[in-house]
Amino acid sequence: MYESVKSLLTNEFKISEDRIAPDSTLEDLGLDSLASVEFALALEKGFGVEITDDEVVELERLDRIVELVERRKQAS
């Protein structure tokens, strides 16, 4: 799942792979509040799960966001 989210970030948000790590924060990735909303929408569309922008902002770190996507995916 982490690699899929990483691909989403490189393809949709044009973030270089070398900037992306499991412990990267949204700020590390250069995602401001608007981009965080777009990231949440991209996660919903890409993985077919419901994730709010508030959840993405609250979790902040990429590994925690990936865990949430995995949990939602398993629950669906």
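Author: Gladly! Let us start with α2 and helix α4, which spans residues 62–75. In this predicted model, the two helices pack at an angle of about 35°, and their axes are 11 Å apart. The crossing in which α2 passes α4 is right-handed. On the α2 side, the contact is made by Phe39, Leu43 and Phe47. On the α4 side, Leu62, Ile65, Val69 and Lys73 take part.

Phe39 is buried, because its relative accessible area is 0% and the cut-off for buried is under 20%. Phe39 also has an aromatic partner, Phe13. The ring centres of Phe13 and Phe39 are 5.9 Å apart and their planes stand at 85°, so this is an edge-to-face pair. A search of the whole structure finds 1 aromatic pair. Phe13 sits in the loop between α1 (2–12) and α2 (33–47), while Phe39 belongs to helix α2, so the pair ties together parts that are 26 residues apart in sequence. With a relative accessible area of 18%, Phe13 is buried too.

The pair leads us on to α1. Its buried residues are Tyr2, Val5, Lys6, Leu8, Leu9 and Thr10. Among the parts that cover these buried residues are α2 and α4, the two helices we began with. Thr10, in helix α1, counts as buried at 17% relative accessibility. Setting aside neighbours within four places in sequence, Thr10 is in contact with Ile15, Ser16, Glu17 and Ile20. Just after α1, Lys14 takes a positive phi of about 55°.

Next, look at the segment before α1, where you will find Met1. Met1 is partly exposed, with a relative accessible area of 31%. Beyond its neighbours within four places in sequence, Met1 is in contact with Phe47, Val66, Val69 and Glu70.

Ser24 lies in the loop between α1 and α2, and at 4% relative accessibility it counts as buried. The side chain of Ser24 reaches the backbone oxygen of Arg19 at 3.4 Å. A polar atom of that side chain also lies 2.8 Å from the backbone nitrogen of Ala21. Apart from neighbours within four places in sequence, Ser24 is in contact with Arg19, Leu29, Glu60, Arg61 and Leu62.

Finally, a word about the record. An unreviewed UniProt entry carries the annotation "domain: Carrier" for residues 1–73. In the model, the end C-alpha atoms of residues 1–73 lie 10 Å apart, and the span is 62% helix and 0% strand.

Methods
Residues numbered from 1 in each chain as written. Predicted model: local features only at pLDDT ≥ 70, side-chain atom pairs only at ≥ 80, totals over all residues. Heavy atoms only, no water. Phe/Tyr/Trp six-rings, centres within 6.5 Å; stacked < 30°, edge-to-face > 60°. Helix = DSSP H or I, 4+ residues; strand = E, 2+ residues; numbered from the N terminus. Buried < 20%, exposed > 50% of the residue type's maximum accessible area, 1.4 Å probe, protein only. UniProt positions renumbered as here; feature names shortened; annotations may be inferred. Polar contact = N/O pair within 3.5 Å; in protein donor to acceptor, adjacent residues only side chain to side chain. Contact = heavy atoms within 4.5 Å. Axes fitted to C-alpha atoms, helices over the stretch in contact; angles between N-to-C directions. Left-handed = near helix turned anticlockwise from the far one by under 90°.
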